[in-house]
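Q: Can we go through this one together? I'd like to start with a strand, then switch to a helix.
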Amino acid sequence: MEIKSDIQIAQETKMSNIQEIAAGAGLDPKYIELYGNYKAKVDYNLLNEKKDDADGKVILVTAISPTPAGEGKTTTTVGLADALKKLDKNVMVALREPSLGPVFGIKGGAAGGGYAQVVPMEDINLHFTGDMHAIGAANNLLAALLDNHIQQGNSLKIDTRKITWKRCVDMNDRQLRFITDGLGGKPNGTPREDGFDITVASEVMAILCLSKDIEDLKERISKIIVGYSYDDEPVTAGQLNAQGAMAALLKDALKPNLVQTLEKTPAFIHGGPFANIAHGCNSVMATRMAMKMADYVVTEAGFGADLGAEKFLDIKCRMAGIQPSAVVIVATVRALKHHGGVAKADLGSENLEALEKGLPNLLQHVENITKVYGLPAVVAINRFPTDTEAELALVEAKCKELGVNVALSEVWGKGGEGGVALAQEVMRLCEEENSFDYLYSLDMTIEEKIRTIARKIYHAEDIQILPAAMKQLKQLESLGFGNLPICMAKTQYSFSDDQNLLGAPKGFTLTVRNLKVSAGAGFIVALTGNIMTMPGLPKKPAAENIDVDNTGKITGLF
């Protein structure tokens, strides 16, 4: 039997007109801005009208530490929403927008998979409604204003050696990580070292995703620190009078994008901050809008629970006043065997010994969610045909020892029907009392907050803050930023800062090499290991397999 590709399944699906999807979700047509027949933006003024309406229950989907075997977090998120719809529940899904970098690199798109996808898949994975371009333009406008200020006399006395603001492009392009610009003589600017980040790592992206309205957006933009003066005073975007023009570029990007799943469940896809650099969640505005429109909101956080879920709970929930009702932790038997030391080529064979060795990765994520955060959780096993009954029984038994149920998810092959058991368990958990609390208090010092994350979530022995980072820490506290939450920049492949330490390593020291404040977003980024804010392409980029014919039909996306 032919196994269809994700893009084939998506292209063979007859979509409903987006106006029908909006009407089914109860959206007043006056708030809908059409982008063709299958995409729309929703005016954020809707939130003012519905501010007194009851909020729906938020279900967070997260996962084990990712592996090359794949886990299927977005697929499970979409499939769970479709399953809740099959059970006649009023449900919406809220996801991040894919970045072009991973789409053309090694990771591929982020629209789900199999029969649990959001569509139009090609549009979502490529230009979509232009949000990424608007964010990149706003970022680069600030960079241009900054360098122009220096060229025109530099009344703010900006030290060109202490500029922290980078240009950005939504592409994996390692050549741009470190550049020298302003060459060619006085008319062409001041020569200096510079560099590019990928757009989804820009603070503008983080700000867009955390802003509650246009005024909040402008206020946050004005607080962006672009560099420091010769007297070590921070210089902000507000001092460059950049916030108005930047917000003008972002006014439409701030509006959530409405699309649909293959089974016609309404879906918001809005914002896409990187999860191993930024906070890795879709926009607060999209989540809040979904909470006003639906009884159940299924959303996800990037990468494993140690990164995405921790930031969702400690940054997004704290800033937006959101309390999740239940958490789904996605795992596959294949991925757990990889954590147990099995090579990717051998993951199809039963191996209970390797599975038992890899299971601590899942169990640590489960304990973090249930015991550290006090949230009800279920483990969703994204089932593969090669999984044996003995392997599935072992996973279930180990989770039950922690008081957590396991639900098999077959949404990739069966759509919503394959997620009904998971949906029923999620609904049960949503009715349970939960004792959700943040991991740390904002009153703690920066060092104490980092140590708390490292010890309680990563299970590190301790942290080491390198001398350069310690100097930055002291400067940030002296500037009054000590009470901000921490956004950890760490490898997604391990609980530690070493991507080769799989499973659930213990006794390691987490090394912080750099600290910087995202004053507009409202958090401090702690960089560990060799995390880069501009990825590179792999030896064989996914872009090499993507094509389009003379009818406009795209192939090769995944």
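A: Ready. One caveat: this is a predicted model.

Q: Strand 6, then. Which residues point which way?
A: Strand 6 covers residues 116-119. Ala-116 and Val-118 point one way, Gln-117 and Val-119 the other.

Q: How many bridges join strand 5 to strand 6?
A: 2 bridges, and the strands run antiparallel. Strand 5 is residues 112-113. Gly-113 has Ala-116 as its bridge partner in strand 6.

Q: What do strand 5 and strand 6 form?
A: A hairpin, with 2 residues between the strands. Gly-114 sits in the turn and has a positive phi of about 60 degrees.

Q: And strand 14, in what sense does it pair with strand 6?
A: Antiparallel, over 2 bridges. Strand 14 spans residues 257-261. There, Gln-260 is the bridge partner of Val-119.

Q: New topic. Where does Leu-352 lie?
A: In helix 14, residues 352-372.

Q: What does Leu-352 touch, leaving out residues up to four places away in sequence?
A: Ala-390, Glu-391 and Leu-394.

Q: What separates the C-alpha atoms of Leu-352 and Leu-394?
A: 7.9 Å, with the two residues 42 apart along the chain.

Definitions and conventions:
Residues are numbered from 1 along each chain as its sequence is written. This is a predicted model: local features need pLDDT of at least 70, side-chain atom pairs count only at pLDDT 80 or more; totals for chains, interfaces and linings use all residues. Side-chain values use heavy atoms; hydrogens and water are left out. Buried means under 20% relative accessible area, exposed over 50%, partly exposed in between (1.4 Å probe, protein chains only). Helices (H or I, at least four residues) and strands (E, at least two) are DSSP runs, numbered from the N terminus. Two strands pair if DSSP finds at least two bridges between them. Contact means heavy atoms within 4.5 Å.
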